[in-house]
Amino acid sequence: MAQNMLDLEMASASCSIVEECLDVQPNEEVLVLTDPRTFGVGKSIATAANGIGAEVVTSVMPLLDSHGNEPLDTVADAMATADVAFTCTTHAITHTRARLRAAEEGTRIGVLRGVTEDMMVDGAMTVDFEALRRRTEAMAEIITDAETAVVTSDRGTDVEFSIEGCQSFSLDGYFHEEYGFATLPPGEAPTHPAEGTANGTIAIDVAMDNLGQLEEPIELTLEDGFVTDVNGGNQAEELEAIFDDADENARNLAEFAIGTNPKAKLIGNTAEDKKREGTIHFAVGDNESLGGTLKSDIHLDGVIRSPTVELDGTTVVDDGTLRRDLLE
């Protein structure tokens, strides 16, 4: 696609994100965070916010080493004082103290982690947002009401854990005041497994944060909520090295989420992969922003293509097919 045409299509998507998803108003103070890899997306968002009369500051922050790393204090302070902050960054700062602090201060946050210019105009972003919102809210309600989860797959996943008392969220692209942010592309219902309850095996077979598209599955062995063993090829060794260099909670099973977006594609970028309807993803590391108590400097998502998910004995995803009849 020619750059001029891409810019025009991005402009339309950015206007929808700014005006509809985050409800930016004239004269509001808007912070747009980018890094050297994501400047084009950030520029498009900033232009859309400027177009409706917002007071916009664009900041190009240093590229972080990993998802879940804390941004610089100057960035965190700016996030906390803005009316709206868009985090158009390569690595997510969603699961950070900085994001939590900004939400507590009332900042409306739009998360576009790892979003490329092509992703702004194709795939998950082309979904019917209102239909997706209804589906994702219904899925989040089912997860919140459940107490136990069992996840299996033909690639070797066989894990169970408690989600009793663990709230799920509807990450449907729209800002939700109760948890303070919106995510784009839209389409997942996440929660955190109850701490210390996950036991079994998870086989990540699509993509993993910091590693990209997987050449072969990465198998994680879990005991009492923590990863005790990592097996697979070279990428499994890379993940083990990340764990070894990180803090004591890096191996915590931090997140479980179900994808709800039928337009999302599997492209090797977890920002879109994990939104695909019928996939699931787990994350390791920090779970504080999902309602848990375990802090870590990383939060890494890994996507499973064709899982079967049972919540309280009811199958809600069957070999990669979302049970839409349960969501009506």
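Analyst: Helices here are DSSP runs of H or I with at least four residues, strands are runs of E with at least two, and both are numbered from the N terminus. Keep in mind that this is a predicted model.

User: How many helices and strands are there in the protein?

Analyst: The count is seven helices and 19 strands.

User: What does the radius of gyration say about the protein?

Analyst: The idea is to set the value beside a rule for globules. A compact globule of 328 residues would have a radius of gyration near 20 Å, and the protein has 19 Å, so the two agree. The C-alpha trace spans about 50 × 45 × 40 Å along its principal axes.

User: How many of the 328 residues count as buried?

Analyst: Buried means under 20% relative accessible area, exposed means over 50%, and partly exposed lies in between. By that cut-off, 58% of the 328 residues are buried.

User: Where does D23 lie?

Analyst: D23 sits in the loop between α1 (3-21) and β1 (29-34). Its relative accessibility is 45%, so D23 counts as partly exposed. D23 and R108 are 85 residues apart along the chain, and their C-alpha atoms are separated by 9.2 Å.

User: What is the phi of D312?

Analyst: D312 has a positive phi near 50°, and this residue is not a glycine. D312 is found in the loop between β17 (307-311) and β18 (314-318). With a relative accessible area of 41%, D312 is partly exposed.

User: Which residues does a cis peptide bond join?

Analyst: Again, start from the general rule. Most peptide bonds are trans. Here a cis peptide bond joins L184 and P185, with omega about -5°. P185 has its place in the loop between β7 (181-183) and β8 (188-191).

User: On to charges. How many salt bridges does a search of the whole structure find?

Analyst: Side chains of opposite charge can pair when their charged atoms come close. The search finds 17 salt bridges in the whole structure.

User: With which residue does R97 form a salt bridge?

Analyst: R97 pairs with E70, and their closest N and O atoms are 3.8 Å apart. R97 lies in helix α4 (residues 97-104) and E70 in the loop between β2 (55-60) and α3 (73-81), so the pair ties together parts that are 27 residues apart in sequence. R97 counts as partly exposed at 26% relative accessibility. E70 is partly exposed too, with a relative accessible area of 30%.

User: Which side chain meets K265 in a salt bridge?

Analyst: D122 does, at 2.9 Å from N to O. K265 lies in the loop between β14 (253-259) and α7 (270-273), and D122 lies in the loop between β4 (108-111) and α5, so this pair ties together parts 143 residues apart in sequence. K265 is partly exposed, with a relative accessible area of 36%. D122 counts as partly exposed at 38% relative accessibility.

User: And K274 with E188: buried or exposed?

Analyst: First, the pair itself. K274 forms a salt bridge with E188, the closest N and O atoms being 3.7 Å apart. The two link distant parts of the chain, 86 residues apart: K274 is in the loop between α7 and β15 (280-285), and E188 is in strand β8. Both K274 and E188 are buried.

User: Which residues do salt bridges that share partners join into one network?

Analyst: The network holds E70, R97, D286, E288 and K295.

User: Which residues gather in a patch of negative charge on the surface?

Analyst: Like charges are joined within 9 Å when the residues have over 30% relative accessible area and no salt bridge. The patch here is E141, D145, E147, E164 and D312. At 41% relative accessibility, D312 counts as partly exposed.

User: Where is the place of E147?

Analyst: E147 is in the loop between α5 (129-145) and β5 (148-153). E147 is partly exposed, with a relative accessible area of 41%. The C-alpha atoms of E147 and F129 are separated by 29 Å, and the two residues are 18 apart along the chain.

Note on methods:
Residues numbered from 1 in each chain as written. Predicted model: local features only at pLDDT ≥ 70, side-chain atom pairs only at ≥ 80, totals over all residues. Heavy atoms only, no water. Patch = residues over 30% accessible without salt bridge, like charges linked within 9 Å, V, L, I, M, F, W, Y side chains within 5 Å. Areas by Shrake-Rupley, 256 points an atom, 1.4 Å probe, with all protein chains shown as cover. Salt bridge = Lys/Arg side-chain N within 4 Å of Asp/Glu carboxyl O. Lys, Arg positive; Asp, Glu negative; His and termini not counted. Charge placed at Lys NZ, Arg CZ, Asp CG, Glu CD. Buried < 20%, exposed > 50% of the residue type's maximum accessible area, 1.4 Å probe, protein only. Rg over C-alpha atoms; globule rule 2.2 N^0.38 Å.
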